[in-house]
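Try each task with the model open, then follow the worked solution.

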Amino acid sequence: MSLVLYGENFNGDPKSAQNVVLRDPNSRSLVVMNQASGEISLVRQIRGPRIDSKISQNRPRLLSSYLCPQCGTEVGTGFEYESSPQSPESKSGSFVHRNYFKLLEQNNPYRSQQSCIQGLSAIPSTLFTPGYYRRFFRELSLLGSGARGSVYKVEHVLMDNHLGVYALKKIHIGNDLSWLELGMKEVKFLSSLTHNCTNLITYNHVWLEMASASGIVRASDGQDALDSEQIPCIFILQKFCPGGNLEEVIEKKVFGRFADHESSDERKRQFRLKRAEREAGTSKRQGLTTSQLLSIIYDIASGLKELHQMNIIHRDLKPSNCLLSEAYDPDKLLYGEKSFPNVMIGDFGESQICGQLRSATGATGTLEFTAPEVILVNTKAGNMSASLPQFTFQSDMYSLGMVCYFLTFGELPFMNDLSLPQLKDDIKSLQIDKKFLLRKHIDLQLLPIDPKIFDLIEILLSANALERPTAAMVTNTVRELMGEIRRSSDSQQSILSSADIQDQDQLSDSEMDESALHESTSIKTPEPSSLSRYLWDPYSLAISIFTVYRYGRSSYLPFLSVFLLGMSFRAEYRVRSSVLVAILSSVNLAILLIGTQLKSASVIELD
Ligand SMILES: Nc1ncnc2c1ncn2[C@@H]1O[C@H](COP(=O)(O)OP(=O)(O)OP(=O)(O)O)[C@@H](O)[C@H]1O
């Protein structure tokens, strides 16, 4: 997609044609590039309709006035620009041209000043872009650190204007071409995602720059050993996901576990809260609901499907590499039309093209999520790449199965603190079947879920790679399951609305899941309220008729009995009135027995 700017500035002379390379609706700014000179300038909207509101209404053309923030002159009154309506960015109102950050790099006046890296022999100095990071970005916070580098939340700043938030991965490569190669591998895969994928993290730009080595090597006294050192780094700018990673969200917000970095006050507060809930009997069952699980599995499988269609094997799929497009709130039921925020797969540092031979180092992704057939046991040094078991699309599907297991139980099927060889043995001998999963789910007293999810986990974690479904098959299965749940909740809702509107108001997501669970297991266990309806109602009717017939108006019992009968037909009193009807029938029975005994005693006396 491209935006073509025309209007006063475009007078038919192609030399003066301008391209909009970035549009930020928040600051009402456009960055425009002169096609002929490659020069970049920033303009801000001062008059006219808001650019985001109009674009979202699918109105392709706008008339606006813009101000040059540098000299303050009003420029381009009457600018019009067009946007392709199918562009995903145009829906959200923001737009970043694919080459925008590259264009900025070319506009960087410091590009030629590379004296500081002349001493480096291995990496050619022409590959560096000194000052680019400091000039165009402001570091907001550290998002996390992985095996190869740290990820920061950064704000893109141009001429003191804030133009969007990004995630920036900084990998210290030192003076080592092999590390550079590894870093570039990630970029190569990221850059093959040319279109905007809903379930894959897209990348914006990559460059090399010298950066502080602070925090990399610490001396024994805890001080930074390389504090003042500047070492070569690879910077990878990518889409920022505000919801954080799936591992933290599941552990902390779904299963209520404490994070390592949580303060002791916060731990105490959460502990007290849980204890109070337990004592008050209000503690909720833990776990995700069926619809939430399906939503996450669908997103990750869709991301994998896209990757596999591009012939790429991810190789390191795990919850910490799955990022959320917005924050998860346990009290929120809907995120747009979904039951969980959109999940995107990131970190392509281990990815490879299908068929490419594995390196002889035998490196795997994170062991717990790695398929048993690609785990190396007793690998001899010098083993040839070709003789090593190779990663496949099916090994990615196994990782998806392990992610599903983690989402369902909040833990993995391996013991903690295993040594590496023990863990490898456990992975190789792992046998997961539906019975085991059902048992575990019951033992952990988690929220009820549709057992078809256990079928899915079982088949994805199959020891035989050929039995595992493809990503496309998983998305189809999940879509069907979602449809079934929707249909069952629709029919349940229509029954409820005709039977009892109040009950319908209280129907929660988890109750819908419970009904789906009963339906699909075909063990038709009636819920308590319907049990009482079928058992108690005819019984209470009979007992009331008997009480009225027996006592007439001579006692208060018939009145009480009719009152309770009426209550038992109201859903919200059904359970309690059943107890009262039971008391009433016991009282009736007692009076009947005492009466019979008194009668027979008086007959004996008379005799
Ligand atoms: N695009 C992003 N948006 C928001 N947060 C991100 C983004 N990318 C990464 N993060 C955060 O930074 C953390 C570190 O990411 P990184 O990919 O470097 O390592 P990792 O996947 O956690 O570990 P490893 O390198 O061992 O695979 C992630 O766990 C995530 O919380």
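A salt bridge is taken here as a side-chain nitrogen of Lys or Arg within 4 Å of a carboxyl oxygen of Asp or Glu. Please keep in mind that this is a predicted model.

**Exercise 1.** Find out which residue forms a salt bridge with Glu373, and where the two partners lie.

*Solution.* Start with the distance: the closest N and O atoms of Glu373 and Arg468 are 2.9 Å apart, and the two form a salt bridge. Finally, check the cover. Buried means under 20% relative accessible area. Arg468, at 5%, is therefore buried, whereas Glu373 has 26% and counts as partly exposed.

**Exercise 2.** Work out which residue pairs with Lys169 in a salt bridge, and how many residues apart the two are.

*Solution.* The partner is Asp347, with the closest N and O atoms 3.4 Å apart. This pair links distant parts of the chain: Lys169 belongs to strand E10, and Asp347 to the loop between strand E15 (343-345) and strand E16 (352-353), 178 residues apart. Now compare the relative accessible areas with the cut-offs. Lys169 is buried at 9%, and Asp347 is partly exposed at 23%.

**Exercise 3.** Decide whether Lys170 is buried or exposed, and name its salt-bridge partner.

*Solution.* Begin with the partner: Lys170 forms a salt bridge with Glu139, their closest N and O atoms being 3.8 Å apart. Glu139 lies in strand E8 (residues 137-145) and Lys170 in strand E10 (residues 161-172), so the bridge joins parts that are 31 residues apart in sequence. As for cover, Lys170 has a relative accessible area of 11% and is buried. Glu139, with 39%, is partly exposed. To put these pairs in context, a search of the whole structure finds eleven salt bridges.

**Exercise 4.** Identify which residues make a nonpolar surface patch of about 350 Å², and describe the setting of Tyr556.

*Solution.* The patch is made by Tyr556, Leu560 and Phe563. Turning to Tyr556, look in the loop between helix H16 (528-551) and helix H17 (557-568). The last step is its accessibility: exposed means over 50% relative accessible area. Tyr556 reaches 60%, and therefore counts as exposed.

Key:
Residues are numbered from 1 along each chain as its sequence is written. This is a predicted model: local features need pLDDT of at least 70, side-chain atom pairs count only at pLDDT 80 or more; totals for chains, interfaces and linings use all residues. Side-chain values use heavy atoms; hydrogens and water are left out. Patches are made of residues with over 30% relative accessible area and no salt bridge: like charges are joined within 9 Å, nonpolar side chains (Val, Leu, Ile, Met, Phe, Trp, Tyr) within 5 Å. Accessible areas come from the Shrake-Rupley method with a 1.4 Å probe; for residues, only the protein chains shown count as cover. Helices (H or I, at least four residues) and strands (E, at least two) are DSSP runs, numbered from the N terminus. Buried means under 20% relative accessible area, exposed over 50%, partly exposed in between (1.4 Å probe, protein chains only).
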